[in-house]
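Open the model in your viewer and keep the selection panel at hand. The tour goes stop by stop.

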Amino acid sequence: MPIEREILLQMYQSMVTIRQFEERIADLYARGLVPGLAHLYTGQEAVAVGICSALRDDDYITSTHRGHGHVIAKGSKLNEMMAELFGKKSGYCKGKGGSMHIADMDIGILGANGIAGGGLPIATGAGWSAKWRKTDQVSVCFFGDNSSNNGTFHESLNLAAQFKLPVIYVCENNLYGISNPHENQTPIRDLSVRAMAYDMPGQTVDGNSVLEVFEAAQKAAKRARAQEGPSLIECKTYRWRGHHEGDPNQGERYRSREEIAQWRKKDPVERFAKYLIKEKEATKAELAELDDAVTARINESVEFARSSEFPLLEELYHDIYVNEG
Amino acid sequence: MRQITYCKALNEALDQCMAADDAVVLLGEDIGQFGGVFQVTAGLMNKYGKERVVDVPIAEAGFVGAGVGAALTGMRPVVEIMFMDFTTVCMDMIVNQMAKMHYMFGGRGKVPMVLRTNIGAGRGTAAQHSQSLQSWFMQVPGLYVAAPATPYDAKGLLIEAIRNDNPVMFVEHKKLYITKGDVPEEDYTVPFGKAAIRHEGSDITIVATLAMVQRALDAAKLAAEKGISVEVIDPRTLVPLDKETILNSVKKTGKVIVSDEGHKTCGAAAEISAIIAEEAVEYLKAPVVRVCSPDTPVPFSPPLEQAFIPDVKDLMPAIERLAQY
Ligand SMILES: Cc1ncc(C[n+]2csc(CCOP(=O)(O)OP(=O)(O)O)c2C)c(N)n1
């Protein structure tokens, strides 16, 4: 079935927003305005956008340490995100969480996570809750290739399959876990084969093709909403930048410059732009206009973050417990 | 004597132990080519090969447990947990297995294993990468807990830990890795259970651990300008704890501050304070004061994080208060 033009353009805009957001963070980080760790998503945009485009606002996602792309694709607000990354009170977590902990319950973002594999059981639980509450919500779990070696992966998939939970497990195989290449983490090449052990559908897709990811996500979401159980989707992709900002030469200590260049040629954003133009869904000028609109929104978010206040010191003690007053 | 960093001192300890004994092997995430996220294992894979310096997948319960099994059968594994926060995902292996076997088996079998990890806030990495959980492990009989505060002790305690036949939690501090100090080139050990008197004084004793040692020394200098003489004691190992050196100092000064970067409640400082109350209360001229992290998660926002970290700003009021008794 052809995808409506409006949806295609929304996908494009979402991908461009992630790309520009991350490029801006790299710059702000280098200038010392963003403290702590920033693990950028550049190069993986098609995964987050392809998956989240198949979701509703009331569906859930759990995200990872590399979470900016997931939460932008799910619809988080750029001002609040940027302010959080600056550690400001107006940020999503009032400055308490930073880059690795963005959450927005209103649109089903159950948190980025600093623990590799930490999101897997949580997404499983959100799926369980949807089943108990008899909604047809779907729960999506993003995790990296190396995080899938954590025990939580196996425990979660087994639970979800046994109880037919509406969960979509999305493995982003960007070929590295920090410096550890995929072939040194596990003897299997396609992580989707692990689905077989839990009697659920497993599929490996081109993670640089937003449409291929979208199609797989739609199928999995349909299955989940029909109470038929979980699915595993492995998206093969690549992170352009180092593990985090500050990783020297974008990770050249453990991967070659040629390899990085090869993958940059497979740019998922550019590829999708070319597709839209070729299919006459948009003109070059229209896409350029969209790009500019995104830039304006990012500029605005930086301005918002810069001009926001840091939290007051007494706020250190707020939110440890839910206020029962 | 030559001065090297705490990080280099640890690296040298590993190097010398590996050279001396083939049974010493290293397991951890990104410890090979990458050299560990703090570079403690830099160069060791090139020197000793991939068989003895093993980059493992993200599977802490798996590889810590594998360390236990290897130790039980003749190896001397040194396992790295990238941040102490991640011990939470392998607590069974540490608490129920590594620590308990020798006792449960009635003295049959031993687990000569070292679990290296680090604590400490101050890098803007928020609540899941900054915790100081050393006191948890003090509560587990069967584990030794080493806590070096200087490069000299880092090397000597690590060699002692590796050669010791018991499981050792080896707690480093991320802010100390770049600090420099005198370290002999030769192989030497620092015995467990022997505190160091870092600075002699007669009015107030500060018992300080890890990064708090330098902060206490800085405070002692400021106090001296006000005519207050502060003694600084560094236990160096929390288990076994050198009660004698601590109590002797308390008997001399009659006033004591216990300072540890863990949380105040049920922390290392709480335990040391209780020992003083039990065994030297008649010598006390003032209440025991704890200067620790507040009972909040570690916040991300820089001003909040600075407020969170116990430092000279928290030690000075405590010193001044005690001086008035
Ligand atoms: C339990 C746990 N162990 C180790 C880490 C440290 N760590 C953070 S990210 C990472 C690599 C993750 O690799 P992958 O899951 O493939 O995701 P990617 O970074 O490639 O997106 C590691 C080892 C962690 N955060 N949590």
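Select B:L27 and B:V79. B:L27 stands opposite B:V79, a residue of strand β4 in chain B. Bear in mind that this is a predicted model.

**Stop 1: strand β4 of chain B**

Pick B:V78 here: its bridge partner in β5(B) is B:V114.

Colour residues 76-80 of chain B by accessibility. How many of the five residues of β4(B) are buried? Five of the five are, so the strand is largely enclosed by the rest of the structure.

Check each face in turn. In a regular strand the side chains alternate between the two faces of the sheet. On one side of β4(B) sit B:R76, B:V78 and B:E80; on the other, B:P77 and B:V79. Both faces are covered, and all of these residues are buried.

**Stop 2: the five-stranded sheet of chain B**

Show the strands in the order β9-β11-β10-β13-β14 of chain B: they make an open sheet with mixed pairing. The edges are β9 (196-199) and β14 (289-293), each pairing on one side only. Neighbouring strands of this sheet are turned by 25° against each other on average, direction ignored.

Zoom in on β13(B) and β14(B). They run parallel, joined by four bridges. Select B:H263 and you will find B:S293 of β14(B) opposite.

Next, select B:S259, which lies in strand β13, residues 256-263 of chain B. Is B:S259 buried or exposed? It is buried, with a relative accessible area of 0%. Show what surrounds B:S259. Beyond its neighbours within four places in sequence, its contacts are B:I206, B:V207, B:A208, B:T209, B:M212, B:V291 and B:L315.

**Stop 3: a helix pair in chain A**

Move to chain A and select helix α1 (residues 5-30) with helix α9 (residues 268-278). Their axes come within 10 Å and cross at roughly 155°. That makes α1(A) roughly antiparallel to α9(A). The crossing of α1(A) and α9(A) is left-handed.

Show side chains at the contact. From α1(A) come A:L8, A:L9, A:M11, A:Y12, A:M15, A:V16 and A:R19. They meet A:P268, A:V269, A:F272, A:A273 and A:L276 of α9(A). Colour the contact between α1(A) and α9(A) by residue class: eleven residues are nonpolar, none is polar and one is charged.

Technical notes. Residues numbered from 1 in each chain as written. Chains lettered and ligands numbered in written order. Predicted model: local features only at pLDDT ≥ 70, side-chain atom pairs only at ≥ 80, totals over all residues. Heavy atoms only, no water. Axes fitted to C-alpha atoms, helices over the stretch in contact; angles between N-to-C directions. Helix = DSSP H or I, 4+ residues; strand = E, 2+ residues; numbered from the N terminus. Parallel < 35°, antiparallel > 145°, perpendicular 65-115°, else oblique. Left-handed = near helix turned anticlockwise from the far one by under 90°. Contact = heavy atoms within 4.5 Å. Nonpolar A, V, L, I, M, F, W, Y, C, P; charged D, E, K, R; others polar. Buried < 20%, exposed > 50% of the residue type's maximum accessible area, 1.4 Å probe, protein only. Pairing = 2+ DSSP bridges.
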